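This report describes selected features of a single model.

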Amino acid sequence: MTFLRAVAKFYRDRRVSDVIRPDNQRGNFGTTAGVRQAAVAVRNNLKSASYGYVNVLRQEVFQLQATCVDILSAPDVQNLFGTDDIWDTLEQVLRQYLKEDTRISERLQLAEAGESVLHWLAAAHVANKDRATFEASLEDIAEDAEEWLTVATSLGELSGGVPARARPGAKIIPMRRRAV
């Protein structure tokens, strides 16, 4: 959250400085130091939280995702729920069996924006010391950061300051290290 907010604030400040100083002779109001610091913190937290097995975690999640897609896109399952595609089927399953009314399209937007931000963080952009080059690379995720924050706010994930795992009825399974 800190990283996404820092990116969004940097580009908001940049837009304000472009309006106030259209010739941009003295630079913009935004500072890349906060963005760079937040990016380094996220990278370090991901590394330590995953016990160094980020690639294994990624492979396992993608295997589970592929299995779910295969099941939900099967013609007999879609006929059973009377749906045309996998997302409608998933929405029907959540409504009928888990009594959840989710907004799949907004969750999909969160996932896509988050994916591009994580790909950016995984690249070597953070280590780039040149401000102009860093800002240019940061433009790749500026819209994704804004979109992620906007969609998360509309879903109620950011309002009230109560994290999803602390809400009653949240179906979150804590990540545990696998026995070797």
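## Basis

The model is predicted, so local features need pLDDT of at least 70 and side-chain atom pairs count only at pLDDT 80 or more, while totals for chains, interfaces and linings use all residues. Residues are numbered from 1 along each chain as its sequence is written, and side-chain values use heavy atoms, with hydrogens and water left out.

## Aromatic cluster

The whole structure holds 4 aromatic pairs. Rings of Phe, Tyr and Trp (its six-membered ring) pair if their centres lie within 6.5 Å; planes under 30 degrees apart count as stacked, over 60 as edge-to-face and the rest as tilted. F3 and W120 are stacked, because their ring centres are 5.9 Å apart and their planes are at 25 degrees. This pair links distant parts of the chain, with F3 in helix α1 and W120 in helix α6 (residues 104-122), 117 residues apart. Helices (H or I, at least four residues) are DSSP runs, numbered from the N terminus.

F3 has 3% relative accessibility and counts as buried, and W120, at 4%, also counts as buried; the term means under 20% relative accessible area, with exposed over 50% and partly exposed in between (1.4 Å probe, protein chains only). W120 also forms an edge-to-face pair with F134, at 6.0 Å centre to centre and 65 degrees between the planes. Because W120 lies in helix α6 and F134 in helix α7 (residues 131-154), the pair ties together parts 14 residues apart in sequence. F134 is buried, at 0% relative accessibility.

## Surface patch

V16, V19 and I20 form a nonpolar surface patch with about 300 Å² of accessible area together. Patch residues have over 30% relative accessible area and no salt bridge, and nonpolar side chains are joined within 5 Å. A salt bridge is a side-chain nitrogen of Lys or Arg within 4 Å of a carboxyl oxygen of Asp or Glu. Areas come from the Shrake-Rupley method with a 1.4 Å probe. V19 is placed in helix α1 (residues 2-20) and counts as exposed at 67% relative accessibility.

## Helix α5

Helix α5 (residues 86-98) has 13 residues and reaches 17 Å from its first C-alpha to its last, close to the 18 Å expected at 1.5 Å a residue. The expected span is 1.5 Å times one less than the number of residues. I86, T89, E91 and L94 are buried in α5. K99 follows α5 and has a positive phi, near 55 degrees.

Technical notes. Patches are made of residues with over 30% relative accessible area and no salt bridge: like charges are joined within 9 Å, nonpolar side chains (Val, Leu, Ile, Met, Phe, Trp, Tyr) within 5 Å. Helices (H or I, at least four residues) and strands (E, at least two) are DSSP runs, numbered from the N terminus.
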